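Here are my notes for you to read with the structure open. Take them one point at a time and find each residue on screen as you go.

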Amino acid sequence: MSQYPALTPDGATDGAVYRRVLDDPAGSPVGPVHILDNPARAALLGPHAHLARRRGDVLCYPADVSPFLALPDRPDRQAWRNVAALCGPGFVLVATGSPTAVPADWEILVQGPGVQLVDDGVRAAPDEEAVRLGPADVPEMLALVEQARPGPFLPRTVELGRYLGIRRGGALAAMAGERLRPPGWTEISAVCTAESHRGQGLAPRLVRAVAAGIRERGDMPFLHTAADNTTAIRLYESLGFRPRRQVMFLGLKVPGGECAV
C-alpha cells in the first residue's frame with residue numbers, strides 16, 4: 001500500500017467539501033470531484049484563463065509558461081486528438097493521471113508518483129528579507145532552477161503568480177513562488193536554494209512568506225513534491241502542510257516528430 005494513498009473525499013476527515021472543477025460546458029462531468037483533483041484544468045478555466053490555449057475540451061499553457069496539460073477528468077480518444085492538434089508533433093507535456101489512460105501511440109518519457117499536500121495550519125508569515133522577483137530576474141531564476149532542479153520553470157513561468165527570493169551578496173540565493181491557481185487555492189512551487197546557501201533555512205522562510213501572500217488574498221496554499229522525497233515531505237509537514245493524495249506525474253510526447261518544448 002502506498003504511503004500516501006488517494007484519500008476520500010479530499011484527504012480530510014473533518015467537514016470535507018466536494019467541488020466540481022468548474023461548470024465548463026465542454027467538459028465531461030463525472031460526478032462530484034474536489035477541485036484539487038484536476039488543479040491545472042481548474043486554473044486554466046479560472047484565474048489563469050487569460051493564459052489558456054484551448055482546443056475542444058483540452059487546455060494547456062503557452063509553451064514558454066508551463067508544460068502542464070489540462071485534460072478532462074476522463075479523457076477519450078478525441079481529447080487526445082485535440083492535444084495533438086493543439087500542441088503539434090513531438091511536443092512534450094506534463095500531465096497527471098494513470099499511464100494506462102495514455103494512447104498506445106503516445107510516448108511516456110517519464111513517470112513518477114508525487115504527493116499533493118494542503119494547508120493544515122501552515123505558519124504563514126511575511127519575511128523582511130524576501131524580495132519580489134519579476135521578469136528582470138528571470139535569467140537568475142533560470143540559472144538557480146538549472147542548478148537546483150525543483151521542477152519545470154520556463155522564461156514566462158513568473159507570470160503565473162508572485163515569486164519571492166532572498167539575495168546574498170547581490171546574488172539570488174533562494175526562491176519560491178506560485179504556480180497553479182485553481183479557484184480558492186494557490187500552489188507553491190519552484191522552491192529551491194543555491195547549493196552554497198543550503199542548510200540556512202531559506203526555503204522554509206520563503207514557503208511561509210509565499211503562503212502569507214496566498215492567505216492574504218483569501219486562498220489556501222497547497223503544493224506537490226516527489227513521493228520519494230521524504231526530506232521535503234517532512235519539511236512541509238513541519239510547516240503545517242498535510243498529505244492529501246498521491247498523484248502520478250507523466251511526461252508525454254505527442255506522436256510524430258522530434259521532442260519539442
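**Notes on the model**

1. Let's start with the largest pocket, which holds about 800 Å³ of space. Keep in mind as you look around that this is a predicted model.

2. Who lines that pocket? The largest pocket has 35 lining residues. If you want to land in the middle of it, go to Pro150, Gly151, His224, Thr225 and Ala226, which lie nearest its centre.

3. Now for the elements around the largest pocket. Those giving two or more residues to its lining are the strands β4, β5, β9 (185–193), β10 (220–226) and β11 (241–253), along with helix α5 (230–239). Which of the elements gives the largest share of the lining? That is β9, with seven residues.

4. Next, have a look at the aromatic rings. A pair of rings is described by how far apart the centres are and by the angle of the planes. Searching the whole structure turns up four aromatic pairs. One of them is Trp80 with Trp106: the ring centres are 5.0 Å apart and the planes sit at 70 degrees, so this pair counts as edge-to-face, the cut-off being over 60 degrees.

5. Trp80 sits in helix α2 (residues 77–87), while Trp106 is in the loop between β4 (92–96) and β5 (107–119). The two are 26 residues apart, and their pair links distant parts of the chain. Are they buried or exposed? Trp80 and Trp106 are both buried.

6. Phe153 and Tyr163 make another edge-to-face pair, with 5.6 Å from centre to centre and 80 degrees between the planes. Phe153 belongs to the loop between α3 (138–148) and β7 (163–168), and Tyr163 to strand β7, 10 residues apart. Phe153 is buried, and Tyr163 is buried too.

7. Last, find the open sheet of three strands, ordered β1-β2-β3 with antiparallel pairing. β1 (53–55) and β3 (69–70) are at the edges with a single partner strand each, so one side of each has no neighbour in the sheet. Strand β2 (residues 58–60) is joined to β3 by two bridges. To see a bridge for yourself, pick Leu59: its bridge partner in β3 is Ala70.

Definitions and conventions: Residues numbered from 1 in each chain as written. Predicted model: local features only at pLDDT ≥ 70, side-chain atom pairs only at ≥ 80, totals over all residues. Heavy atoms only, no water. Pairing = 2+ DSSP bridges. Helix = DSSP H or I, 4+ residues; strand = E, 2+ residues; numbered from the N terminus. Phe/Tyr/Trp six-rings, centres within 6.5 Å; stacked < 30°, edge-to-face > 60°. Buried < 20%, exposed > 50% of the residue type's maximum accessible area, 1.4 Å probe, protein only. 1 Å grid on protein atoms, 1.4 Å probe; cavity = no way out; pocket = protein on both sides within 12 Å on 5 of 7 lines; lining within 4 Å. Points joined across faces, edges and corners; volume = space filled by probe spheres on them.
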